[in-house]
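Let's take a friendly walk through this model together. Please have the sequence and the 3D view open as you read.

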Amino acid sequence: MASYDVIIIGAGPGGYVSAIRCAQLGLKTAIVEGRDTLGGTCLNVGCIPSKALLHATHMLHEAEHNFAAMGLKGKSPSVDWKQMLAYKDDVISQNTGGIEFLMKKNKIDWLKGWASIPEKGKVKVGDDLHEAKNIVIASGSEPSALPGIEIDEKVVVTSTGALELPKVPKKMVVIGAGVIGLELGSAYKRLGAEVTVVEYMDTITPGMDADVQRTFQKILTGQGLEFVLGAAVQKVDATKTKAKVTYKLKKDDSEHTVDADVVLVATGRKPFTDGLGLADLGVKMSERGQIAVGKDYQTNINGIYAIGDVIEGPMLAHKAEDEGTAVAEILAGQHGHVNYGVIPGVVYTTPEVATVGATEAALKSEGRKIKVGKFFFMGNARAKAVHQGEGFVKIITDAQTDRVLGAAIIGPAAGELIHEICVAMEFGAAAEDIARTCHAHPTYSEAVREAALACGDGAIHA
Ligand code: NAI
């Protein structure tokens with residue numbers, strides 16, 4: 001029986017970052033992972049492989065749509081789907097291999113297998129029992145399918161199956177216009193599939209501000225995605241090669257069907273805690289199946305902690321990473337802390353959509369006096385030079401203090417640009433602080449400065 005200061009269950013971004021931080025702080029650490037490779041959903045079947053496919057299909061789109069106008073003539077590339085999947089798999093193994101290297105470098109033991117917690121202070125992996133002063137559950141999440149819809153990962157798929165389809169479908173129906181549905185839906189659209197997105201709410205990306213949703217939907221519609229909004233999916237009838245999706249429009253209760261070669265179910269994810277033995281241990285859960293934790297990430301059982309997708313909050317890799325760092329610092333006697341007000345969210349479509357902090361709608365409904373500065377990428381020379389003049393930067397500030405409260409960006413490199421605003425928010429900056437910071441020309445970042453200027457006397461190029 002091996003004995004550790006900390007055993008972390010799950011080697012996704014939350015778990016492996018936590019393990020490294022624990023090791024850095026001098027704690028004897030082990031990580032349990034049942035997959036053949038480290039990195040969890042994110043590296044194996046989520047963030048990373050989807051970004052490889054988004055990148056490859058973006059290149060294809062550029063070649064098909066923008067090359068000729070720039071004087072790059074000739075035949076557009078054709079798709080070798082097997083090779084594209086091999087490229088994606090290579091990206092996965094490079095990244096998962098990198099995490100394995102980091103575990104060794106930090107002298108963290110990888111306990112291979114699926115963990116259970118037979119009692120406080122003990123973790124069972126296969127037939128082996130290990131002792132741990134503290135246990136951190138970082139077991140992540142799994143797709144939450146709709147009742148009555150059977151996933152076969154061939155015709156009716158989750159994001160996992162969508163990342164390894166044997167061929168590009170002619171017709172794809174995506175259920176759910178959230179992050180997964182729009183990222184993978186737009187990748188398959190660029191590969192030539194006809195894509196229809198069926199969404200229960202009346203808008204795409206619920207939770208974002210209405211102007212962002214409208215602009216985003218308009219851009220995606222321009223790229224050829226079809227949307228059916230306000231539609232409750234009733235059932236999916238599938239054979240081995242085809243499927244029929246039945247939905248009811250909420251506005252008039254009328255029933256419709258749409259055929260597909262592949263149906264992607266992207267209606268959210270739920271915490272994955274199967275097999276851990278939490279019920280027998282008496283670990284308190286929320287009504288939504290999340291592990292309930294206190295501010296220090298400790299469950300109601302002393303010495304058992306939980307972070308990431310299994311607890312409340314946005315199911316994002318970087319939120320899990322930050323919690324992993326915080327819990328490690330707490331276990332080492334420090335003051336680990338996560339600022340939940342400054343967690344960016346990014347949709348990696350083209351253009352990208354990035355948000356941070358409060359939305360305009362939420363602040364208005366609280367009765368807060370706010371200012372909104374907006375700048376369109378059409379006024380940004382660099383964006384126009386590369387055919388990416390769609391979208392805008394929007395910064396929301398407190399009307400009295402000018403302090404930045406939130407932002408949304410839809411446009412080129414939005415997922416990178418948002419971090420300037422995150423840093424500003426962490427430092428409690430005002431829009432004027434961003435506006436008075438020199439920004440290199442010509443960059444997309446100038447649009448952030450212009451939006452900050454628009455919170456004051458006005459942007460320059462608008
Ligand atoms: P999501 O919560 O982003 O979107 C689910 C969508 O499905 C919502 O728009 C919802 O209204 C809709 N929906 C739910 N039930 C429905 C029904 N019966 N019929 C039609 N529409 C229905 O969930 P998604 O896209 O599955 O992603 C899961 C999690 O993974 C999210 O927490 C997301 O943040 C995370 N993720 C993050 C990524 C990123 O940061 N770029 C990429 C992929 C996933």
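How far does a backbone N or O atom of Ala266 lie from an oxygen atom of the ligand? The distance is 3.4 Å, which falls within the limit for a polar contact (a pair of N or O atoms within 3.5 Å; within protein, one must be able to donate a hydrogen and the other to accept it, and residues adjacent in sequence count only if both atoms are side-chain atoms). The protein covers 77% of the 850 Å² of accessible area that the ligand has on its own; such areas come from the Shrake-Rupley method with a 1.4 Å probe, and for residues only the protein chains shown count as cover.

Before going further, a word on the source: this is a predicted model, in which local features need pLDDT of at least 70 and side-chain atom pairs count only at pLDDT 80 or more, while totals for chains, interfaces and linings use all residues. Residues are numbered from 1 along each chain as its sequence is written, and side-chain values use heavy atoms, with hydrogens and water left out.

Back at the ligand, an N or O atom in the side chain of Glu199 is 2.6 Å from a ligand oxygen atom, and a polar backbone atom of Tyr200 is 3.1 Å from a ligand nitrogen atom. The ligand is surrounded by 23 residues, counted as near if one of their heavy atoms lies within 4 Å of it. Helix H6 (179-190) and strand S12 (231-238) each supply at least two residues of this shell, and H6 gives the most, with three. Helices (H or I, at least four residues) and strands (E, at least two) are DSSP runs, numbered from the N terminus.

Now look for the open sheet, where five strands run in the order S8-S15-S9-S10-S11 with parallel pairing. Strands S8 (156-157) and S11 (226-228) stand at the edges with a single partner strand each, so one side of each is left without a neighbour in the sheet. Two strands pair if DSSP finds at least two bridges between them; S9 (residues 171-175) and S15 (residues 262-265) have four. Met172 has Val262 as its bridge partner in S15.

Thr203 counts as partly exposed because its relative accessibility is 27%, between the limits for buried (under 20%) and exposed (over 50%), with a 1.4 Å probe and protein chains only. The side chains of Thr203 and Gln213 are joined by a polar contact of 3.2 Å.
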